[in-house]
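User: Can you walk me through this one? I'd like to start with pockets, so tell me what counts as one here.

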There are 2 protein chains.
Amino acid sequence: MTKRTTPILNRNDPEKEPLVGNVKVTREDWLNLARDILVHEGVAELKIMSLSDRLGVSRSSFYWYFRNRVDLLAALLTEWEARNTRTIVNYCALPAEDINAAVCNFFRCFIDPALFDRGLDFAVREWARRDVSLRSRMDAADSERLRSVTDMFERYGYPADEADVRARILYFMQLGYHALEVREPMELRMGRLAGFLKGFTGQVPRPELITEFNAFAHTVGNEP
Amino acid sequence: MTKRTTPILNRNDPEKEPLVGNVKVTREDWLNLARDILVHEGVAELKIMSLSDRLGVSRSSFYWYFRNRVDLLAALLTEWEARNTRTIVNYCALPAEDINAAVCNFFRCFIDPALFDRGLDFAVREWARRDVSLRSRMDAADSERLRSVTDMFERYGYPADEADVRARILYFMQLGYHALEVREPMELRMGRLAGFLKGFTGQVPRPELITEFNAFAHTVGNEP
DNA sequence: CAAGCACTAGACAATAGTGTCCATTGGTGC
DNA sequence: GCACCAATGGACACTATTGTCTAGTGCTTG
């Protein structure tokens, strides 16, 4: 009943005493912690005991909110579909003045963790590829994403086959970047952006586009 | 002592009776089966009990060949480093008449499963990214690969920064392609190759290059 | 203030997996 | 044909994890 008012123990807070006062744990608390573990430690580490320990409650409380472990995973998958996939689709549909700006929009959606959780994206991918039933949901999300990138290119005059090739390069590249969990200074990545756009679209990007993107990226500070 | 002469039960052979006669199981048998499970079912499913069951021997035999489960995983990782990484490096170093041909060489190395096991590549990646000690070995392999692709571009006259960008696009793209486990008819992929090369290098590939690659790909039939 | 309800603790049973120990087998070399 | 030794089987102890059941506890609402 009592809603959480304080953050519970996260991965940076190994000390005990996770709850303050009489506040109870909510379904959201379970989900948040589960997502965190999924992202940083993988599905294999997503254990009910571990969750309840970190939450400071008994293990059996879990079963009040979720039917079982699979139920929890399904919830995380649904969340992923709704947030991560929709973010890409939305950002690809955004109006832009030229293809370079549009490509920047595509990159833009990976920058803000509040919009797109790249850790979650890959964690879900790793886990769902093994399960046949989940696998198809994931594949559906992927083709929806790819479709929206292709549409983006077509809107800027690329013929269907070229748009298809470009979209694939861009999308697969982004995925590969995720797979590697590349961690490098923002300057380095930004330095490459202009070169990438020039080589990729054949058109030299307006300098303002780069500075704008640069500024935006630094305000949130994550990708691409 | 007695060497295996017949294939043991693989994933397509669910029936019992895996061994014929008195033949004993070798260390290679354990490794082969383990690799198969790692690739198709993930690390989580790589259990000693499961292996021994499928091999038709007792679980404790495992401990004759490997100190423990981690020892087995380490062996698989070493194998991955030696085979998969070396393949990429070798194929990137291959002489080619132009950059299009060189890029085709890069693709070529992913085609033959005997040379490069893309399933293994990604399975290892999925698993090793969680473990700090393994993670660094994997990162080392990745930069070695990326370095060899960059060198390839530099050999064809690209200035260092451009070579860097191109190499990243190419390598990340290939990784992303793996991540998706794209399964589509060879014709489709081949149809895209010319378009990709033209868009990517800016030079129209010689038609013979495409037909050659096409022919090579169909003889082994897998990627890219 | 009392009853109801949302939520939780703790005990319980069941399962699956790991690693160790020791006795045993069956080929090989002498 | 005997002794050795690589290789295996089977029993044992241990731990981790899941899921169920029941008896609470303490807000909240009438």
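Analyst: On a 1 Å grid over the protein atoms alone, a pocket is an open set of points with protein on both sides within 12 Å along at least five of seven lines. Bear in mind that this is a predicted model.

User: OK, how much space lies in the largest pocket?

Analyst: About 900 Å³. It is lined by 29 residues, and those closest to the centre are A:Gly42, A:Val43, A:Ala44, B:Val43 and B:Ala44.

User: Which elements give two or more residues to that lining?

Analyst: In chain A, helix 4 (69–93) and helix 6 (118–128) do, and in chain B, helix 4 (69–93) and helix 6 (118–128).

User: And what is the lining by class?

Analyst: There are 14 nonpolar residues and 13 charged ones, plus two polar.

User: Switching to the fold. What is the secondary structure of chain A?

Analyst: Chain A has ten helices and zero strands.

User: How much of chain A is buried?

Analyst: 52% of its 224 residues count as buried. Chain A exposes about 10400 Å², with 56% of that supplied by carbon and sulfur atoms.

User: What about contacts in chain A between residues 24 or more positions apart?

Analyst: Such pairs make up 65% of the chain A contacts with a separation of 6 or more.

User: Why do you say the copies meet through the same surface?

Analyst: Because 100% of the interface residues of chain B are also interface residues in chain A.

Technical notes:
Residues are numbered from 1 along each chain as its sequence is written. Chains are lettered from A and ligands numbered from 1 in the order in which they are written. This is a predicted model: local features need pLDDT of at least 70, side-chain atom pairs count only at pLDDT 80 or more; totals for chains, interfaces and linings use all residues. Side-chain values use heavy atoms; hydrogens and water are left out. On a 1 Å grid over the protein atoms alone, a cavity is a set of points where a 1.4 Å probe fits but cannot get out, and a pocket is an open set with protein on both sides within 12 Å along at least five of seven lines; lining residues have an atom within 4 Å of a point. Grid points are joined across faces, edges and corners, and a volume is the space filled by probe spheres set on the points. Helices (H or I, at least four residues) and strands (E, at least two) are DSSP runs, numbered from the N terminus. Ala, Val, Leu, Ile, Met, Phe, Trp, Tyr, Cys and Pro count as nonpolar, Asp, Glu, Lys and Arg as charged, and the others, Gly among them, as polar. Buried means under 20% relative accessible area, exposed over 50%, partly exposed in between (1.4 Å probe, protein chains only). Contact means heavy atoms within 4.5 Å. Accessible areas come from the Shrake-Rupley method with a 1.4 Å probe; for residues, only the protein chains shown count as cover.
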